[in-house]
Amino acid sequence: MSSEKADPQTPFWRRKAMSEMTRAEWESLCDGCGRCCLNKLIDEDTNATVFTDVSCKLLDCQTCRCSDYTHRQAKVKDCVRLTPRNVRRLKWLPPTCAYRLVAEVKDLACGIRSFPATRKRSTPPASQCGDASRQAKPTCLM
Ligand code: SF4
Ligand code: SF4
C-alpha cells in the first residue's frame with residue numbers, strides 16, 4: 001500500500017477503490033452539477049457525445065437535483081444508476097463528473113472536497129467551484 005493510501009488524512013476517494021466505498025461516501029462524490037441529467041445526442045459521424053441544455057423532466061432546475069431520486073428509475077426508464085461496475089464504461093458522463101474522474105484516477109475538479117461523506121447538501125456545491133461551465137442552468141422540460 002502506498003503511503004498516501006495508508007494516510008488517514010488522504011480523502012477517501014484517493015484511499016479507497018470505488019467498490020470499497022460506503023454508500024454515503026459513494027453518494028457524496030456527486031457534486032450535484034446536474035450535467036448527467038441533460039439530454040444528450042450522439043454525433044453520427046464522430047460518435048461524440050453532445051450535451052444539450054434540455055434536462056430530464058425530473059431535474060429540479062433550481063437545485064440541480066433529481067426531484068424524485070428514490071423513484072427515478074421507475075419514472076424515467078433510461079435513467080442509469082451509477083455503480084462502481086458501470087461507471088467506467090459510461091462514455092457520456094461529463095468530463096467534470098466526480099465518478100468519471102475518480103474512475104480515471106484523476107483528482108476531483110474543484111480539489112476542495114473537504115466535506116464529510118455524510119453531509120447533506122441543500123444546494124449544489126458546484127456554485128462554489130469557480131468553474132463557470134458547471135454553473136450553467138439547464139432548461140427544464142415541462
Ligand atoms: S455529472 Fe456526475 S457529479 Fe454531476 S450530477 Fe451527474 S453524477 Fe453527479
Ligand atoms: S430521473 Fe433524476 S437522476 Fe435520472 S436523469 Fe432524470 S433527473 Fe437525473
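The model is predicted.

One group comprises C30, D31, G32, C33, G34, R35 and C36. The other comprises L93, P94, C97, A98 and Y99. By class, this shell holds eight nonpolar, two polar and two charged residues.

Around ligand 2, the shell is formed by C37, C56, L58, L59, C66, R72, V76 and C79. Seven of these residues are nonpolar and one is charged. No polar residue is present in the shell of ligand 2.

One member of the ligand 2 shell, V76, sits in the loop that links α4 (72-75) to α5 (98-103). V76 is classed as partly exposed because 16 C-beta neighbours fall inside 10 Å, and this class lies between the limits of 20 or more for buried and 12 or fewer for exposed. Beyond four places in sequence, V76 touches C56 and L58. Both C56 and L58 also belong to the shell around ligand 2. K57 lies 19 residues from V76 in sequence, and the C-alpha atoms of the two are 8.4 Å apart.

Strands β1 (residues 38-42) and β2 (residues 49-55) pair in the antiparallel sense. Four bridges join them. Opposite I42 stands T49 of β2. The two strands form a hairpin, with six residues between them. Within the turn, N47 has a positive phi of about 70 degrees. In a regular strand, side chains alternate between the two faces of the sheet.

The largest nonpolar core contains 13 residues. L29, C97, A98, Y99 and V102 have the most contacts inside this core. Helix α5 supplies the largest share, three residues. Y99 contacts L29, L82, V87 and L93 when neighbours within four places in sequence are left aside.

Helix α1 (residues 3-6) includes S3. S3 counts as exposed, because it has 7 C-beta neighbours inside 10 Å and the limit for this class is 12 or fewer. R15 is twelve residues from S3 along the chain. The C-alpha atoms of S3 and R15 are separated by 9.8 Å.

Notes:
Residues numbered from 1 in each chain as written. Chains lettered and ligands numbered in written order. Predicted model: local features only at pLDDT ≥ 70, side-chain atom pairs only at ≥ 80, totals over all residues. Near = placed C-beta within 6 Å. Nonpolar A, V, L, I, M, F, W, Y, C, P; charged D, E, K, R; others polar. Contact = placed C-beta atoms within 7 Å. Pairing = 2+ DSSP bridges. Core = buried A, V, L, I, M, F, W, Y, C linked by C-beta atoms within 7 Å.
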